[in-house]
Structures are given as structure tokens and as C-alpha cells.
Amino acid sequence: MDTGTAGAAGAAGPARERTEPERTEPERTEPEWAGLPRGLLRLRRLLLVVWLVPLAAAVGVPLGLFAGPAWAAFALLPLAVVAWGWPVLGRNWRSWRYAERADDLLISRGVLWREETVVPYGRMQLVEVTSGPVERRFGLASVQLHTAAAATDARIPGLLPEEAERLRDRLTELGEARSAGL
């Protein structure tokens with residue numbers, strides 16, 4: 001046992017432990033996602049029914065009268081599409097969302113193939129709010145973002161008009177501020 005070394009270390013002071021500096025990772029906050037209003041889902045489901053139920057009647061009645069009841073069963077095809085399309089439209093509506101971050105806008109959509117579009121504020125050239133007659137009837141509007149590259153144009157459908165105008169004004173303001181530095 002070597003007591004001389006231990007005594008020398010004890011006399012010089014307590015042995016210092018070697019500590020590594022604490023690494024602090026930058027805080028990563030998830031973006032606050034906003035979904036689309038339920039009115040868009042109602043609009044799309046109404047259009048599904050308005051187009052396919054009359055089509056079923058237009059196919060079924062003449063076939064039933066002129067070809068027989070067995071042929072009138074083809075009228076069930078549009079009704080089957082309605083039954084299939086109803087939940088599909090719901091899943092699609094739930095998949096749409098958008099988030100405003102410090103430097104860009106995120107748009108996410110898609111059920112089977114998830115697609116996320118990132119539009120930097122400084123790259124926006126035009127932000128447009130549109131609302132067709134059916135959209136206006138349901139109190140909805142769409143925001144269209146135009147950038148220098150045509151492939152990156154992004155669209156957020158079915159927003160409330162107040163939200164669409166607020167988003168347009170905010171994106172325009174942020175776009176002007178970011179592009180001023182270019």
C-alpha cells in the first residue's frame with residue numbers, strides 16, 4: 001500500500017472530479033398544427049351525394065324499365081361509391097393540417113401517401129384567397145400560395161373566410177419582411 005501518494009493528494013486538497021460540460025440541446029418545439037373546418041367535410045360529402053344519388057336513379061330507372069330488374073342492379077354501383085366515399089372523405093379531411101413556424105409554413109395532407117409541403121416565407125410571391133359559389137354558400141375560402149417554382153405552389157382549402165384573410169395578411173407581411181433581406 002502506498003500511503004505517501006494518498007497523503008500527498010489529501011494534503012493538496014480534495015481530488016477534483018473531471019466533469020464534462022453539460023450539453024444543452026436546443027429546445028425543439030413541435031409546430032402547432034391547425035386542422036380544417038368541419039364545413040369542408042360537409043361540403044365534400046354533400047357533393048358526393050348530390051352527384052351520385054341522381055346518377056343511380058338515372059341509371060336504375062331506365063335499365064329497370066327497358067332491360068329488366070336484373071339490369072337495374074347496376075344502379076347500386078353509384079350507391080356503393082357513396083358508401084365507400086363517405087368514410088374516405090372523412091379520413092382525407094382529417095389528414096389536412098397546416099402550421100405557421102418562424103420561417104416557413106407547413107402544409108400536411110394525405111392518407112395513404114403522406115405529403116408535407118414547406119413554404120419559406122421569403123419565397124412567397126403571391127398569396128391569394130379564393131371562394132367559389134359553393135364554397136361561399138358553406139362559408140369557406142381557400143388560400144393559394146404562389147412561389148417562384150410552380151411545383152411548390154401550395155393550397156389550403158376550406159378555411160373560414162376570416163382565417164383565410166388573416167393567414168393571407170400574415171403570410172404577406174412575413175413574406176415581405178423575409179424577402180427584403182435578399
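**Entry 1: a hairpin**

I began with strand 3 and strand 4, which form a hairpin with five residues between them. In the turn I noted glycine 110, with a positive phi of about 110°. Strands here are DSSP runs of E of at least two residues, and helices are runs of H or I of at least four residues, both numbered from the N terminus. The model is a predicted one, in which local features need pLDDT of at least 70 and side-chain atom pairs count only at pLDDT 80 or more, while totals for chains, interfaces and linings use all residues. Residues are numbered from 1 along each chain as its sequence is written, and side-chain values use heavy atoms, with hydrogens and water left out.

I then looked up the pairing within the hairpin. Six bridges connect strand 3 (residues 104–109) with strand 4 (residues 115–120) in the antiparallel sense; two strands count as paired if DSSP finds at least two bridges between them. Opposite arginine 109 I found glutamate 115 of strand 4, and opposite leucine 105 I found valine 119 of strand 4.

Within strand 4 I examined threonine 117. Is this residue buried or exposed? Threonine 117 has 15% relative accessibility and therefore counts as buried; buried means under 20% relative accessible area, exposed over 50%, and partly exposed in between, with a 1.4 Å probe and protein chains only. Its side chain makes a polar contact with the side chain of arginine 109 at 3.3 Å. A polar contact is a pair of N or O atoms within 3.5 Å; within protein, one must be able to donate a hydrogen and the other to accept it, and residues adjacent in sequence count only if both atoms are side-chain atoms. Setting aside neighbours within four places in sequence, I listed the contacts of threonine 117 as Leu105, Leu106, Ile107, Arg109 and Ala154, where contact means heavy atoms within 4.5 Å.

Strand 5 (residues 124–130) is joined to strand 6 by six bridges, and methionine 124 faces threonine 147 of strand 6. Between strand 6 and strand 7 (residues 154–159) I counted four bridges, again antiparallel. Here glutamine 144 has arginine 155 as its bridge partner, and leucine 145 is opposite alanine 154.

How many of the seven residues of strand 6 are buried? Six are, so strand 6 (residues 141–147) is largely enclosed by the rest of the structure. I took serine 142, which lies in strand 6, as an example. Serine 142 counts as buried because its relative accessibility is 1%. Its side chain makes a polar contact with that of arginine 155 at 3.2 Å.

**Entry 2: a helix pair**

I looked up helix 2 (residues 38–66) and helix 4 (residues 76–95), whose axes come within 10 Å and cross at roughly 170°. The two are therefore roughly antiparallel, a label for angles over 145 degrees, with under 35 roughly parallel, 65 to 115 roughly perpendicular and the rest oblique. The contact includes Leu41, Leu48 and Leu52 of helix 2 and Val82, Trp86 and Trp93 of helix 4. Its residues divide into 16 nonpolar, three polar and three charged. Nonpolar covers Ala, Val, Leu, Ile, Met, Phe, Trp, Tyr, Cys and Pro; charged covers Asp, Glu, Lys and Arg; the others, Gly among them, are polar.

**Entry 3: the chain as a whole**

The protein chain has six helices and seven strands, running α-β-α-α-α-β-β-β-β-α-β-β-α from the N terminus. Of its 182 residues, 29% are buried.

Conventions:
Axes fitted to C-alpha atoms, helices over the stretch in contact; angles between N-to-C directions.
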